[in-house]
Amino acid sequence: MNWTRKDLLGLEELSREEIELVLATAESFKEVSTREIKKVPALRGKTVVNLFYEPSTRTRVSFEVAAKRLSADVITILTETSSVRKGETLIDTGRNIEALKVDIIVVRNNYSGAAAMLARHVKASVVNAGDGWHEHPTQALLDIFTLKEKLGKITGLNVSIVGDIAHSRVARSNIWGLAKLGAKVTVCAPAILIPPGIEKMGVKVTHDIDAALREADAVNVLRMQFERDEESVFPQQLEYFKKFGITEERLERAKKNIIVMHPGPINRGIEMSSGVADGANSVILEQVTNGIAVRMAVLFLVAQANEQIKNENTD
Amino acid sequence: MNRSKTKILIKNGRVVDPANQVDAVMDILLEGSRISRVANGINDRADTVIDAAGRLVMPGIVDMHVHLREPGREDKETIASGTRAAAKGGVTSVLAMPNTSPAIDCAGSVALLKGIIHKTAAVNVFIAGAITSGRQGKALTDIVKLKKEGIVAISDDGASVDSDELMLRALKEAKKAGVLVICHCEDKKLSAHGAVNLGIVSTRMGLRGISKESEYKRVQRDVDLAKKSGSCVHIAHISCSESVEIIASAKKKRIKVTAETAPHYFSLAEEAVSGFDTNLKMNPPLRGDADVAAVRQGLADGTIDVIASDHAPHTENEKEIEFERAEFGVTGLETELAVCITELIRSGVLDWSGLVKKLALNPAGILGIDKGTLRAGADADLIVVNPDQEWVVQKERLVSKSKNSAFLGKRLNGVVEYTICGGKIVYQL
């Protein structure tokens, strides 16, 4: 199995084998971060640009660390400090960045489909670091990596995703990835936060948190993005916690070794209690650590594939 | 007979003219701007003789839903470029929608538009005026005055008149003035900010959805208002099964309603848009497979009277951007006939007479214009079509100023070889 894509835009279009290849590559990179000198020369001489149109600390820093551990040069562009504020289009911005002979553009954008659009217009590799409500493939890959590390496999697992499914790119990418690897996925949220037709993505839907937890081997708890609730569709924060919050009491009725994940940053006391966030079942910080290995793998694979594509074109 | 009139003789074509129950190989002689004779074995001397053996000869298309963008957005399209695209597509009459800048909402702007048409149009351009001033949905235009200036229909297309009371008054005024009311059926409270059909595709793409309710609830309202007022309403761009059902049931009750759909609604389903191609973004959006089937069935059983392009040109700057920010709409003048042939004739949804009704005879009748027929004495608006020739829709070969076709790269059947408008050859392959 070879990775042949110049970009990573989403998990929807990936095959099971491709996802497994990223996970295996990440596994081999994980060790690098435990060395005294945390660096390999895999991307030496390559330039990675982080192009972030939305505030993000976690994902941006994770990509920066990943690129640096591969010995790439990294530049981060935030919209506040770029000519994007002057009305430049995403395509023009992308082409200008490419004119600097950049190899990989990591893009975070509030419009669904933005990463794919950029990828069509530049020869550099594009890695989607989250586009609108559409996909956040590296987050799902690191979630799956962590799960596999903890439970040894993905096939046959019951995984519940709880929270604002409708507006979540993390949920969508997780659903595609988990389903392709043979997990049984349940999504759980108030009805207003379940998007129409989602069953057709191969998931079960429930509005009962206890039902979602009962059989679950793992629960992925999404951040309730109250700050983005433009349409005022969210339930009251306390009300949400009462009905859907993950608490120690609820976990007691779940499987003993249930894995609790969260993409961060956590709203303590809204999605989950502090006790759960810091408790024995939580792998939240391990997710952060694994994020580095997974993003190293993705940067490495797309760079290698793009090199191959360029060589073929010059032959 | 005036010997100075130019004569065109079209020989041996299969003449499809449902207005006169004709579907047979015949000759047609054109003299000046009119059809002189339709018969077998015409051997008159003519200035131009077209051998149409193996070709179809039919009335030019009457496309009652076209955005020509002039005045105001000449970067997208002009009367000149749009009517040349029309000629290439076999369209000899268009109804120009009034959502220009300024909107066609007063006698002055109609006069301005007529001046541009007179100077630059390659085919017949009929004018739709706005229902409300500035298409703002607040104050009715002076429909009688607009009619006097020459409009044949009114529409706020691109927007729906939200107020029931105002819409009812518009229908009553239009009835008095003798103009058709064309309804863009969309409740923006229900469709607001949506980009694609609400359902699995909007869910997968992570986009806000446009519900079918936003369309069919407004169709139902306008049908109800047609009943109440006794006026005719014409429902534009039907896209979903519920709308088709509402119209079918209204027709059974003898409510004076007619309906139109566009080629993309019977040939493409929502799945096509999942790659974020903004050339597949239009309003109403592409719907589900069952809706596509319902629209095709509605065409076959007569519920849907008209096929019109909803030609909506946009510049690349307005389309080559993030999906949610991109403009709604696709061009269609140059592809509509071929899409109809490929999707409806070849699969047996319509026969040739049926297709000519949808594309020419019915819209002419609904608009009350004397077009869509090949009887002797009628305007010489007709086309010669090679129905089998395959072609690929290529950006570079489109005549329209804008290239936002939903069918780029698609293989279609059916090529227009001649378009004759008012007795003049306005397009020749």
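A quick word on ground rules. This is a predicted model, with local features needing pLDDT of at least 70 and side-chain atom pairs counting only at pLDDT 80 or more, while totals for chains, interfaces and linings use all residues. Residues are numbered from 1 along each chain as its sequence is written, with chains lettered from A and ligands numbered from 1 in the order in which they are written.

**The parallel sheet of chain B**

β9(B) and β10(B) sit in an open sheet of eight strands, ordered β6-β7-β8-β9-β10-β13-β14-β15, with parallel pairing. Here two strands pair if DSSP finds at least two bridges between them, and the elements themselves are DSSP runs (helices are H or I with at least four residues, strands are E with at least two) numbered from the N terminus. The edges are β6 (61–66) and β15 (306–307) of chain B, each pairing on one side only. Helix α7 (212–229) of chain B packs on this sheet and touches β10, β13 (233–235) and β14 (257–261) of chain B. The direction of α7(B) makes about 165 degrees with that of β13(B).

**The antiparallel strands of chain B**

B:Gly13 has B:Met26 of β2(B) as its bridge partner. The hairpin of β1(B) and β2(B) has four residues between the strands, and B:Gln21 takes a positive phi near 50 degrees there. β2(B) also runs antiparallel to β3 (34–39) of chain B, this time with five bridges, and B:Ile28 is partnered with B:Val38 in β3(B). Two residues separate β2(B) and β3(B) in their hairpin, where B:Gly32 in the turn has a positive phi of about 60 degrees.

**Two helix pairs**

Contacts from here on mean C-beta atoms, placed from the backbone, within 7 Å. Axes are lines fitted to C-alpha atoms, for helices over the stretch in contact, and angles run from 0 to 180 degrees between N-to-C directions.

In chain B, α12 (336–345) and α13 (352–367) pack at about 135 degrees, with axes 11 Å apart. That angle makes α12(B) oblique to α13(B); under 35 degrees counts as roughly parallel, over 145 as roughly antiparallel, 65 to 115 as roughly perpendicular and the rest as oblique. The crossing is right-handed, a label for a near helix turned clockwise from the far one by less than a right angle, with anticlockwise being left-handed. B:Cys340, B:Leu344 and B:Ile345 of α12(B) meet B:Trp352, B:Leu355 and B:Leu359 of α13(B). That contact has six nonpolar, no polar and no charged residues, where Ala, Val, Leu, Ile, Met, Phe, Trp, Tyr, Cys and Pro count as nonpolar, Asp, Glu, Lys and Arg as charged, and the others, Gly among them, as polar.

Over in chain A, the axes of α2 (58–69) and α11 (284–314) come within 8 Å and cross at roughly 60 degrees, so α2(A) and α11(A) are oblique to each other. This crossing is right-handed too. The contact of α2(A) with α11(A) involves residues including A:Phe63 and A:Met296, and divides into seven nonpolar, two polar and two charged.

**A buried leucine**

B:Leu367 is in α13(B) and is buried, with 22 other C-beta atoms within 10 Å. The cut-offs are 20 or more for buried, 12 or fewer for exposed and partly exposed in between, with C-beta atoms placed from the backbone. B:Leu95 is 272 residues away from B:Leu367 in sequence, yet 9.1 Å away C-alpha to C-alpha. Beyond neighbours within four places in sequence, B:Leu367 contacts B:Met64, B:Leu95, B:Phe126, B:Val152, B:Ala153 and B:Leu180.

| Residue(s) | Feature | Value |
|---|---|---|
| A:Gly264 to A:Pro265 | cis peptide bond | omega near -10 degrees |
| B:Glu70 to B:Pro71 | cis peptide bond | omega near 5 degrees |
| B:Arg135 | positive phi, not a glycine | about 55 degrees |
| B:His237 | positive phi, not a glycine | about 30 degrees |

A:Pro265 is in the loop between β9 (259–261) and α10 (274–277) of chain A, and B:Pro71 in the loop between β6 and α1 (79–88) of chain B. B:Arg135 counts as buried, with 23 C-beta neighbours inside 10 Å, and B:His237 does as well, with 25.

**Where the chains meet**

21 residues of chain A contact 16 residues of chain B. On the chain A side, α3 (90–99), α4 (114–121) and α6 (169–180) each supply at least two residues, and α4(A) gives the most, with three.
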